[in-house]
Amino acid sequence: MARKEPIHDQSHREVIDVLMPPRFEPTGETKTAKQAIADGNWLGTFNIWLFTKDPEPSIIYQMRSPHVVWEPGKLDVAAGGHYSAGEQEFDGLRELREELGVVIPKEKVQFFGRKLYAGIDVKGRERKSVISVYLAEYNGRLEDMKLQEYEVTAVAKLAIKPLMQVFRGEKTSFTATCLDAGGKAFKYEVSADSFPYNFDDYQRKMAEFIALKLGIDNAYLGN
């Protein structure tokens, strides 16, 4: 019988601040993330989107490990995770260092805003997050990244033009090259189903904003 791979779940170790609506500020109470999820609390989460300009405008995605509890195997924002208790704002940049081995000074990072997310993980638990969203340009190579393998299977640089065509339904898929934690390249067919589901179309909206930020117009994005 094949050995079943373990599900990676760090929530029993992480200690987080409980956030309270409507402002979603810390209540002063801390819990393990596992307990906060079980209690239906809102948790603070950090997302950072990385984009590149050369050789063509692209967005960097991580491929989530097939063994994590939330959206395994999907292409997602470059790095992200829960804020630990007492952390806020740019403190979340540690996720970029931990997951991808990348260090970008906060002076080079742009705050985009906050959004709410609610979804069900592979254990059937409802997860409610207040996501602080950041953006930064990445000038290195994918080969320079050091992936946190139990969280991140691979990274990919997806050109914005075919990416937006998929998000808009103008094409079904396109082929991209991913780089795994061992530095090995492999081909991956990117489709709308490659990304986590968000009721607010988060993935498409962020790609559109990055395209706008880079001065990309609809003529370039067309067929």
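**Exercise 1.** By class, how many nonpolar, polar and charged residues does the lining of the second largest pocket have?

*Solution.* This is a predicted model, in which local features need pLDDT of at least 70 and side-chain atom pairs count only at pLDDT 80 or more, while totals for chains, interfaces and linings use all residues. Residues are numbered from 1 along each chain as its sequence is written, and side-chain values use heavy atoms, with hydrogens and water left out.

Begin with the term: a pocket is an open set of points on a 1 Å grid over the protein atoms alone, where a 1.4 Å probe fits, with protein on both sides within 12 Å along at least five of seven lines, and lining residues have an atom within 4 Å of a point. Next, the lining of the second largest pocket comprises 18 residues, and Y83, E87, Q88, E89 and R114 lie nearest the pocket's centre. Sorted by class, this lining has eight nonpolar, five polar and five charged residues, where Asp, Glu, Lys and Arg count as charged, Ala, Val, Leu, Ile, Met, Phe, Trp, Tyr, Cys and Pro as nonpolar, and the others, Gly among them, as polar.

**Exercise 2.** Which strands each supply at least two residues of that pocket's lining?

*Solution.* Strands are DSSP runs of E with at least two residues, and helices are runs of H or I with at least four, numbered from the N terminus. The protein has five helices and eleven strands. Those that each supply at least two lining residues are β1 (15-20), β2 (25-32), β3 (42-52), β7 (109-120) and β8 (126-137).

**Exercise 3.** What share of the 223 residues is buried?

*Solution.* Taking buried as under 20% relative accessible area (1.4 Å probe, protein chains only), the share is 50%. As for extent, the C-alpha trace spans about 50 × 50 × 30 Å along its principal axes.
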